Amino acid sequence: MIAVGSMWYGYAQDADAEFSGADGQAEEVIGAIEEGYEPWFSPLVGELPGEVESGLFALQAGIGGIALGAAVGWYAGRARGRRETAPAGPGPVGESEGDRGGH
């Protein structure tokens, strides 16, 4: 609800606004504050088409999802393995080893 409400609010503020990334906005603000500002480095590649940017973002999200899923699966499997191989605790007080299980 909060996510949908915030998107709706943002769209209602300025439906014709062009999306620009935080990097460009930060450079503009820094340039306004410090007149002699020069970026430390330039991008490795020039301006990419929107389809390529979207594809790279989707690839990054997919790789992150795989890494997160692998980590969660690894730790869940590790915990399950420890539970299954843990020695059984002592039985009720007064029982000996021969009294607990049996044929």
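Is Ile63 buried or exposed?

1. The structure is a predicted model. Its pLDDT averages 79 over the protein, and 71% of the residues score at least 70. Where pLDDT is low, the predicted coordinates should not be read in detail.

2. Secondary structure. The protein comprises four helices and zero strands. Read from the N terminus, the order of elements is α-α-α-α.

3. Accessibility of the chain. The protein has 103 residues, of which 0% count as buried.

4. Ile63. This residue is found in helix α3. Ile63 has a relative accessible area of 52%, and it is classed as exposed because the cut-off for that class is over 50%.

5. Nonpolar patch. Ile63 also contributes to a nonpolar surface patch, together with Val52, Leu56 and Leu59. The patch amounts to about 360 Å².

6. Annotated segment. An unreviewed UniProt entry carries the annotation "transmembrane region" for residues 57-76. In the model, the chain over residues 57-76 is 100% helix and 0% strand. The C-alpha atoms at the ends of residues 57-76 lie 28 Å apart. The annotation comes from the UniProt record and may be inferred rather than shown by experiment.

Notes:
Residues numbered from 1 in each chain as written. Predicted model: local features only at pLDDT ≥ 70, side-chain atom pairs only at ≥ 80, totals over all residues. Heavy atoms only, no water. pLDDT = per-residue confidence, 0-100. Patch = residues over 30% accessible without salt bridge, like charges linked within 9 Å, V, L, I, M, F, W, Y side chains within 5 Å. Areas by Shrake-Rupley, 256 points an atom, 1.4 Å probe, with all protein chains shown as cover. Salt bridge = Lys/Arg side-chain N within 4 Å of Asp/Glu carboxyl O. Helix = DSSP H or I, 4+ residues; strand = E, 2+ residues; numbered from the N terminus. Buried < 20%, exposed > 50% of the residue type's maximum accessible area, 1.4 Å probe, protein only.
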